Amino acid sequence: MKDILIKLLISAFILLIGDYLFDSVTIDGYGYALLLAVVLGILNFTIKPILKILSLPFTIITLGLFSFVVTALIILLADVLMGTKFETTGFWSALGFGFIIGILNSFEDLLMSDKD
């Protein structure tokens, strides 16, 4: 349970870094970044696997690059669910935001796995 809370806090911080790097993405503070981390976690657990299966032919044809589109769609869905507390200006900003968040989360995963 402790590891999940630490990962959630770090994920919220990573989301704020993405907010800082992209002018087209807005998060209204750390509390909403925590909420966004929870929302994205739920969407990644429930909706993203379905989208990945449905988009498998496109993912194969594009050698995996279409998975970035799926991530952008999840971010846009989170934008709709969060209202004005998390906003992106469109698909391309969601795509770039998802790319940066993915890279930073990879580093987080590396650091958390070394702890074991």
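Axes are lines fitted to C-alpha atoms, for helices over the stretch in contact, and angles run from 0 to 180 degrees between N-to-C directions. Helices (H or I, at least four residues) are DSSP runs, numbered from the N terminus. The model is predicted: local features need pLDDT of at least 70, side-chain atom pairs count only at pLDDT 80 or more, and totals for chains, interfaces and linings use all residues. Residues are numbered from 1 along each chain as its sequence is written, and side-chain values use heavy atoms, with hydrogens and water left out.

**Exercise 1.** Determine how H2 and H4 pack, and which residues meet.

Step 1. The angle between H2 and H4 is about 130°, and their axes lie 9 Å apart. H2 is therefore oblique to H4; angles under 35 degrees count as roughly parallel, over 145 as roughly antiparallel, 65 to 115 as roughly perpendicular and the rest as oblique.

Step 2. The crossing of H2 past H4 is right-handed (the near helix is turned clockwise from the far one by less than a right angle).

Step 3. Contact means heavy atoms within 4.5 Å. Residues of H2 including Leu36, Leu40, Asn44 and Lys48 meet residues of H4, among them Val70, Ile74 and Leu81. This contact has 15 nonpolar, two polar and two charged residues (Ala, Val, Leu, Ile, Met, Phe, Trp, Tyr, Cys and Pro count as nonpolar, Asp, Glu, Lys and Arg as charged, and the others, Gly among them, as polar).

**Exercise 2.** Describe the packing of H1 against H2.

Step 1. H1 (residues 2-21) and H2 (residues 30-54) form an angle of about 110°, with axes 8 Å apart. The two helices, H1 and H2, are therefore roughly perpendicular to each other.

Step 2. H1 passes H2 in a right-handed crossing.

Step 3. On the H1 side, Leu8, Ser11 and Phe13 are among the residues that meet H2, whose partners include Tyr30, Ala37 and Leu40. The residues of this contact comprise 13 nonpolar, one polar and no charged.

**Exercise 3.** Which helices supply the lining of the largest pocket?

Step 1. H1, H2, H4 (66-82) and H5 (91-114) each supply at least two lining residues.

Step 2. The largest share, seven residues, comes from H5.

Step 3. Of the 24 lining residues, Ser11, Leu40, Asn44, Ile101 and Asn105 lie nearest the centre of the pocket. By class, the lining has 10 nonpolar, nine polar and five charged residues.

How values were computed:
1 Å grid on protein atoms, 1.4 Å probe; cavity = no way out; pocket = protein on both sides within 12 Å on 5 of 7 lines; lining within 4 Å.
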